[in-house]
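Please open the structure in the viewer and follow the stops below in order. Each stop says what to select and what is found there.

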Amino acid sequence: MSESNLLELPFTAPPPPEPGRIVVSDAFELLRSLAPESVDLVVTDPPYESLQIHRARGTTTRLTTNWFATVPNERLPELLRETYRVLRPDRHFYLFCDEVTADVIKQQQKVSAARLPNGARKCSCGLVYWKEIVWAKTTLDGGRIRGGTGYHYRAASERILFFEKGKRALNDLGIPDVLMAPRAGVPGPAVKPGAVVRTLIAQSTAPGDLVLDPFCGSGVAGVEARALDRRFLLGDIDLAYLDPSLAALAPHDAIVARAAVVMEEPAEPPELEALADASAAEDELDAARACGWLDADGATAVLDELLDVRPIEREAAVRRFLRTEPPRPREPDRLRAWRAWALSGRRRS
Ligand SMILES: C[S@@+](CC[C@H](N)C(=O)[O-])C[C@H]1O[C@@H](n2cnc3c(N)ncnc32)[C@H](O)[C@@H]1O
């Protein structure tokens with residue numbers, strides 16, 4: 001190489017593309033903030049409205065936790081429209097949901113019985129809908145299907161709606177549409193198993209591609225994208241359950257509670273009304289004072305706000321407050337126990 005050629009080389013190598021980013025954001029705002037055709041894959045798991053049906057029903061109510069606020073069905077068309085907009089041409093979109101929400105989405109998107117020559121079906125947002133992939137929940141060793149909740153055949157599966165923008169072949173045409181994996185078994189809002197998410201990413205992206213999950217929860221999409229050398233952008237309104245291996249990427253002021261060690265035995269707070277009218281036990285009232293719910297005049301604006309939340313959403317709001325409000329130094333044991341409850345997922349009995 002001649003000296004003149006050497007001088008033409010760039011002075012420093014360009015920085016590698018940012019491998020991963022995590023933001024605290026409303027999913028719809030995050031999507032709106034992204035440029036059109038800027039993402040290679042969307043894989044996400046919104047807190048769909050029908051979770052409230054499961055929570056409101058007999059046995060299931062006792063067996064599920066009330067982790068988060070839900071996104072109403074009428075906002076789902078916006079989610080699909082924005083996903084279509086941000087996806088590059090010839091890309092895929094995977095949406096985890098249950099049977100109820102799958103029906104809602106197909107109706108909203110006017111997915112009819114009429115099929116394109118390739119067998120897929122058109123959606124009104126511009127995507128085409130291929131099919132439901134099933135996550136079959138297994139025992140830990142993967143040996144057999146493990147039933148969950150419900151009285152009409154125990155629920156042992158979840159759906160993943162598979163959409164396409166343009167035309168893209170899957171990387172491995174031999175993968176079946178039933179993906180077997182045990183439940184994730186880590187604390188968090190309906191955490192999906194890494195093995196399932198990894199398959200979806202591996203099937204629909206190439207190394208260096210950008211994977212987006214705007215309702216990221218534990219950030220499993222980021223963990224798996226990173227393992228496969230894909231880039232990722234994750235968002236959630238609450239990063240409390242972010243996988244500790246991603247904590248360094250979270251914004252400095254975000255509370256990544258799962259990364260902290262919970263020492264205290266969990267204890268649920270009493271009914272908020274019992275705090276507001278001071279009929280709760282003294283240690284509970286102390287805890288409520290320490291977290292800013294009570295002052296010398298009684299209920300503070302913070303507690304009033306929680307009391308105003310619809311009863312069905314209230315537990316999620318209380319948990320979220322306790323998880324995300326930064327702990328103060330020397331908190332009473334009772335308040336630390338409430339915070340541990342907010343993280344542990346144990347339900348009000
Ligand atoms: C079903 S969970 C996602 C679980 C995730 N797939 C995992 O495997 O860990 C839904 C997530 O959506 C978040 N969420 C609820 N409303 C949101 C909103 N408007 N914008 C962004 N995130 C939201 C919740 O905090 C929760 O973490």
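A residue counts as buried if 20 or more other C-beta atoms lie within 10 Å of its own, with C-beta atoms placed from the backbone. The model shown is predicted.

Begin with helix 12, residues 311–324. Its buried residues are A316, V318, R319, F321, L322 and R323.

Next, select strand 9, residues 231–236. Six of its six residues are buried, so the strand is largely enclosed by the rest of the structure. Colour R231, L233 and G235, which point one way from strand 9; F232, L234 and D236 point the other way. In a regular strand the side chains alternate between the two faces of the sheet.

Strand 1, residues 20–24, runs parallel to strand 9 and is joined to it by five bridges. Within this pairing, G20 has F232 as its bridge partner. Strand 8, residues 210–213, also pairs with strand 9 in the parallel sense, over four bridges, and V211 stands opposite F232.

Now include helix 8, residues 220–227: together with strand 8 and strand 9, this helix makes a right-handed β-α-β unit.

Finally, select the ligand. Which residues are the closest to the ligand? They are A27, D45, F215, G217 and S218, out of 21 residues that surround the ligand. By class, this shell holds twelve nonpolar, four polar and five charged residues.

Note on methods:
Residues numbered from 1 in each chain as written. Predicted model: local features only at pLDDT ≥ 70, side-chain atom pairs only at ≥ 80, totals over all residues. Buried ≥ 20, exposed ≤ 12 C-beta atoms within 10 Å, placed from the backbone. Helix = DSSP H or I, 4+ residues; strand = E, 2+ residues; numbered from the N terminus. Pairing = 2+ DSSP bridges. Right-handed = clockwise from strand over helix to strand, strands pointing away. Near = placed C-beta within 6 Å. Nonpolar A, V, L, I, M, F, W, Y, C, P; charged D, E, K, R; others polar. Expected span 1.5 Å × (residues − 1).
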